[in-house]
Amino acid sequence: MGFFLRELRIHGRGGQGSVTAAELIAVAAFQGGVYAQAFPAFGVERRGAPVQAFVRFSNEKIRLRSQVYEPDYIIVQDSTLIADINVFAGMKAGGIAIINTEKAGKYSAPEGVSIITIDATKIALEEIGLPITNTALMGAFAAATGEIEFSALENALKERFEGKLATTNIKASQRAYEMIKGGSA
Amino acid sequence: MPLNIGCTARPGKGRDNKTGSWRVFYPIFHHDKCTGCGICTLICPEGCIEVKEEKKYIPDLDYCKGCGLCAEECPGEAITMEKEEK
Amino acid sequence: MKEILEGSHAVAEATRLCRPEVIAAYPITPQTHIVEALAQMVADCRLQSEYICVESEFSALSACLGASAAGSRTYSATTSQGLALMFEVCFNVAGMRLPIVMTIANRAMSAPLSIWNDQQDSIALRDSGWIQLYAEDNQEALDLHILAYRVCEDHDILLPAFVCFDGFILTHTYEPVDMPTQEEVDAYLPAFNPYQRLDAKDPISFGMYATPDYYLEFRYENQRAMLRAKDAISKYGALFGEQFGRDYSGLIEGYKLEDAEIALIAMGSICGTIKDAIDEMRADGKKVGLLKIRCYRPFPDEEIASALSHIKTVAVLDKNISLGSKGAVALEVKDALYGSSIDVYDYILGLGGRDIRKKDIKAIVDLAEKGSGDMFYGLREELL
């Protein structure tokens with residue numbers, strides 16, 4: 001396998017779990033045998049403010065510490081951000097954008113970037129009972145990119161959460177994973 | 001942000017940040033059930049519920065974050081939360 | 001064993017493995033997770049330690065001072081304003097020759113208020129008599145804590161140390177680290193054997209009054225201990241390498257420096273980004289190398305002069321500014337190279353968390369090649 005370095009940028013709002021999503025995706029990727037690095041874009045830490053978090057995946061030790069400007073993947077936790085921020089900025093050709101929205105087809109991506117929409121809020125409300133969409137979107141990310149295995153994600157969620165919180169988050173994640181795998185999002 | 005000497009700033013900038021876009025749910029006020037107690041205006045963490053006239057409270061949806069405290073606390077159950085389409 | 005965890009948790013685990021007997025800290029972001037994690041470990045009985053809750057950073061380090069003088073291995077962590085509030089106690093700890101290890105999650109100083117990274121906080125304490133080590137990644141941050149206790153507690157040294165790692169950029173980053181076992185750390189770091197201690201049965205006082213007849217000599221002894229620390233860091237760094245496979249015998253570290261024409265000099269996490277940028281510049285035929293300063297106090301002046309003897313141009317990247325003068329690292333590099341024909345240029349960058357990309361490193365090399373330096377790099381001219 002030749003050298004690779006792939007990058008994910010997560011756009012969300014404070015309180016939606018973007019940083020946790022980045023961390024758990026990195027944990028799952030590490031379990032899959034690659035080097036992973038996850039970090040937040042140290043914004044103003046308050047509920048609702050736009051935040052970013054990043055993940056890098058590589059088969060070599062990751063030394064780079066700058067933020068992610070040319071992502072292979074983006075996750076948009078809250079589609080209202082698209083009005084304020086160019087979430088697609090710098091995306092590589094062949095990239096994948098995963099957007100949480102109930103309106104599939106509403107958003108158009110730059111050339112060469114494919115969009116996958118999923119109503120993660122609906123899934124989160126039904127499975128977890130709270131509009132916290134990160135775990136559903138992690139499942140969608142696993143299915144859409146193949147960067148992490150679902151089983152590794154499940155392990156990462158089990159390590160992070162306990163009891164009912166673990167079960168419901170895994171369910172949300174699995175439902176999104178299966179929707180994207182089955183192409184029925 | 002201007003580079004004012006002494007890192008000074010004028011008040012009032014918070015208003016520029018319309019926090020309404022953060023919502024997942026938004027409140028609907030049923031004025032027929034309102035008793036006019038005013039708890040909703042007091043409990044709102046954003047301070048964005050205004051009394052237009054007696055028993056007519058109106059939330060400013062530019063700033064309402066959809067927390068649902070008003071609906072939770074309203075003794076007359078005159079406020080309900082609906083999911084906003086995104 | 002390799003595992004993936006947040007930088008601050010990696011440091012908390014390393015601290016636990018060092019078996020500190022007393023911990024006192026006053027949480028301030030971004031070092032918060034370290035002491036939170038340690039408090040949890042004490043509560044869960046994973047760590048047998050006295051965790052003292054205090055009301056300020058001044059008290060935190062004062063409690064550490066007392067505990068260390070009483071003969072305990074002692075730990076604290078802080079950042080920015082918190083470290084500033086410890087200023088007075090820092091000088092006392094060093095003067096009393098107490099081997100306390102403290103993590104600094106490097107962060108900018110207010111005002112303007114900033115929670116983001118630069119290295120102004122620890123640099124401002126450069127004259128306080130604490131050893132200062134800077135980590136490039138979380139593995140190094142973890143390892144340097146274990147090394148620091150070994151060096152500081154040596155009876156020929158008896159000095160405190162800051163282990164500095166960049167706030168948020170490392171503290172809040174999840175990445176894989178190789179976590180040593182308790183047995184491995186115990187084999188490297190013996191139980192604390194205090195040189196002297198407060199004991200009611202055999203009373204002594206620390207930090208005595210020194211009249212003008214004595215003060216100068218006390219300071220001279222502090223300076224001599226600091227200079228001896230160079231050899232101690234090399235010795236215990238090499239021992240660390242033998243035991244853990246990661247060698248820290250160098251106070252500095254070169255990357256593609258042997259045949260370089262231009263050398264970049266930096267400390268901390270920026271070194272990783274510089275290495276990636278160097279690989280790309282090398283592919284374009286530019287002979288660039290990095291000299292990473294791992295130990296800033298004591299300052300490795302002779303080591304730097306010797307490592308750069310073949311270099312024509314040096315660009316120092318300073319995440320700090322000694323206002324009214326230059327970047328603190330550049331000043332000392334210039335001193336180390338005094339009398340040589342090497343051109344040394346200083347670049348102040350990344351203050352208050354301004355992100356630094358590979359393209360910025362390349363732009364700085366271009367500037368240095370043109371002889372343009374001693375400047376703030378990356379200013380937003382439209383604001384000025």
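**Close-ups of a predicted three-chain model**

**View 1. Strand S4 of chain C is mostly covered.** Five of the five residues in S4(C) are buried (buried means 20 or more other C-beta atoms within 10 Å of a residue's own, exposed means 12 or fewer, partly exposed is in between, and the C-beta atoms are placed from the backbone). This is a predicted model, where local features need pLDDT of at least 70 and side-chain atom pairs count only at pLDDT 80 or more, while totals for chains, interfaces and linings use all residues. Residues are numbered from 1 along each chain as its sequence is written, and chains are lettered from A and ligands numbered from 1 in the order in which they are written. Both faces of S4(C) are covered: C:Thr74, C:Ser76 and C:Thr78 are buried on one side, C:Tyr75 and C:Ala77 on the other.

**View 2. S4(C) has a neighbour on either hand.** S2(C) and S4(C) run parallel and are joined by two bridges; here C:Val22 has C:Thr74 as its bridge partner. Four bridges link S4(C) with S5(C), again in parallel, and C:Ala77 is partnered by C:Thr103. Two strands count as a pair if DSSP finds at least two bridges between them.

**View 3. Now take in the whole sheet of chain C.** Seven strands make an open sheet with mixed pairing, in the order S3-S2-S4-S5-S7-S6-S12. S3 (50-53) and S12 (295-297) stand at the edges with a single partner strand each, so one side of each has no neighbour in the sheet. From one strand to the next, the twist averages 20°. Further along, S5 (residues 101-106) and S7 (residues 161-166) run parallel with six bridges between them, and C:Val101 sits opposite C:Ala161. Helix H2 (residues 32-43) packs on this sheet, touching S2, S3, S4 and S5, and its direction makes about 125° with that of S3(C). For such angles, axes are lines fitted to C-alpha atoms (for helices, over the stretch in contact), and values run from 0 to 180 degrees between N-to-C directions.

View 4. The bond from C:Thr29 to C:Pro30 is cis, with omega near 5°, and C:Pro30 lies in the loop between S2 and H2. Another cis bond joins C:Ala111 and C:Pro112, with omega about 0°. C:Leu158 isn't a glycine, yet has a positive phi of about 50°; C:Leu158 counts as buried because 20 other C-beta atoms lie within 10 Å.

**View 5. Helix H6 of chain A comes next.** H6(A), residues 163-182, has 20 residues and reaches 28 Å from first C-alpha to last, close to the 28 Å expected at 1.5 Å a residue (the expected span is 1.5 Å times one less than the number of residues). Its buried residues, including A:Ile170 and A:Tyr177, pack against S6, H3, H4 and H5 of chain A.

View 6. The contact takes 17 residues from chain A and 20 residues from chain C (in contact means C-beta atoms, placed from the backbone, within 7 Å). On the chain A side, S2(A) gives the most, with six residues.

Definitions and conventions
Contact = placed C-beta atoms within 7 Å.
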